[in-house]
Amino acid sequence: MERNTWKQEERNWATRLGGVRVPVTGRQTGSAPDVQHHRYAIEVKMGKVMSPRLQKGWFQAFSSSCFQLATQSIKKIPLLCITQTNGPGRQNSRFVMLRWEDFKNMNDFINQRDEEFASHMNDILIEELENNK
């Protein structure tokens, strides 16, 4: 993949999310995000980044959402929940994947309640850090 391609995609995401692209120069992995943002630590991946298993899971969630809309007039947001097993005695990692459009709508809603949400998330992160010591 050409260098300018992924740099441009980082710029595109920065614009969509209201952030600023952070140049790679002088940073180490994990020391700074691809996009500087007031709420999110944003990493951008471009290319064939989803495994066939994740693609299938996404297709199933999306298809179910479309089916329910067509047959029952029920609007549901497709959501792919992913659990990464980390081995015996280690806590699993859990992730949620959703479409950009759905994330944007949720984020716009959150922006209306920014202060309350940020405070709540900080409390959760502090609790999680304390539990993982």
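A: Happy to. A polar contact here is a pair of N or O atoms within 3.5 Å, where one must be able to donate a hydrogen and the other to accept it. Please keep in mind that this is a predicted model.

A polar atom of the Asp34 side chain lies 2.8 Å from the backbone nitrogen of Val44, within the 3.5 Å limit for a polar contact. Is Asp34 buried or exposed? The relative accessible area of Asp34 is 5%, so this residue counts as buried, the cut-off being under 20%.

Next comes a charged pair. Lys45 forms a salt bridge with Glu43, and the closest N and O atoms of this pair are 4.0 Å apart. A salt bridge needs the nitrogen within 4 Å of the carboxyl oxygen, so the 4.0 Å of the Lys45 and Glu43 pair can be read against that limit. Lys45 is exposed, with a relative accessible area of 61%, whereas Glu43 is partly exposed at 44%.

Glu43 also leads us to the largest pocket. The volume of this pocket is about 1900 Å³. Its lining counts 35 residues, and Glu43, Val96, Met97, Leu98 and Phe103 are the closest to the pocket centre. The elements that each give two or more residues to the lining are the helices α1 (3-17), α2 (52-72), α3 (100-112) and α4 (114-131), together with the strands β3 (79-84) and β4 (93-98). Of these, β4 supplies the largest share, 6 residues. By class, 24 of the lining residues are nonpolar, 7 are charged and 4 are polar.

Now back to the charged pairs. Side chains of opposite charge can pair when their charged atoms come close. The structure holds 5 salt bridges, and one of them joins Arg21 to Glu10, with the closest N and O atoms 2.7 Å apart. Since Arg21 lies in strand β1 (residues 20-21) and Glu10 in helix α1, the pair ties together parts that are 11 residues apart in sequence. Both partners, Arg21 and Glu10, are buried.

Another salt bridge links Asp102 with Arg99, and here the closest N and O atoms are 2.9 Å apart. The two partners fall into separate accessibility classes: Asp102 counts as buried at 9% relative accessibility, while Arg99 counts as partly exposed at 28%.

Where is Arg39 found? Arg39 belongs to the loop between β2 (35-36) and α2. With a relative accessible area of 19%, Arg39 is buried, and because the class means under 20%, that value falls just inside the limit. Setting aside residues up to four places away in sequence, Arg39 touches Asn107, Ile110, Asn111, Asp114 and Phe117. One of these neighbours, Asn111, also makes a polar contact with Arg39, side chain to side chain, at 2.9 Å. Another of them, Asp114, is 75 residues away from Arg39 in sequence, yet the C-alpha atoms of the two are 9.2 Å apart in space.

Asn107 is in helix α3, and at 9% relative accessibility Asn107 counts as buried. Leaving out neighbours within four places in sequence, Asn107 is in contact with Arg39 and Tyr40.

For contrast, consider Cys66 in helix α2. Cys66 is partly exposed, with a relative accessible area of 36%. Phe117, which Arg39 touches, is 51 residues from Cys66 in sequence and 30 Å from Cys66 in space, C-alpha to C-alpha.

One backbone detail to finish: Ser73, in the loop between α2 and β3, has a phi near 55°, a positive value in a residue other than glycine. Ser73 counts as exposed, at 63% relative accessibility.

Notes:
Residues are numbered from 1 along each chain as its sequence is written. This is a predicted model: local features need pLDDT of at least 70, side-chain atom pairs count only at pLDDT 80 or more; totals for chains, interfaces and linings use all residues. Side-chain values use heavy atoms; hydrogens and water are left out. On a 1 Å grid over the protein atoms alone, a cavity is a set of points where a 1.4 Å probe fits but cannot get out, and a pocket is an open set with protein on both sides within 12 Å along at least five of seven lines; lining residues have an atom within 4 Å of a point. Grid points are joined across faces, edges and corners, and a volume is the space filled by probe spheres set on the points. Helices (H or I, at least four residues) and strands (E, at least two) are DSSP runs, numbered from the N terminus. Ala, Val, Leu, Ile, Met, Phe, Trp, Tyr, Cys and Pro count as nonpolar, Asp, Glu, Lys and Arg as charged, and the others, Gly among them, as polar. Buried means under 20% relative accessible area, exposed over 50%, partly exposed in between (1.4 Å probe, protein chains only). Contact means heavy atoms within 4.5 Å. A salt bridge is a side-chain nitrogen of Lys or Arg within 4 Å of a carboxyl oxygen of Asp or Glu.
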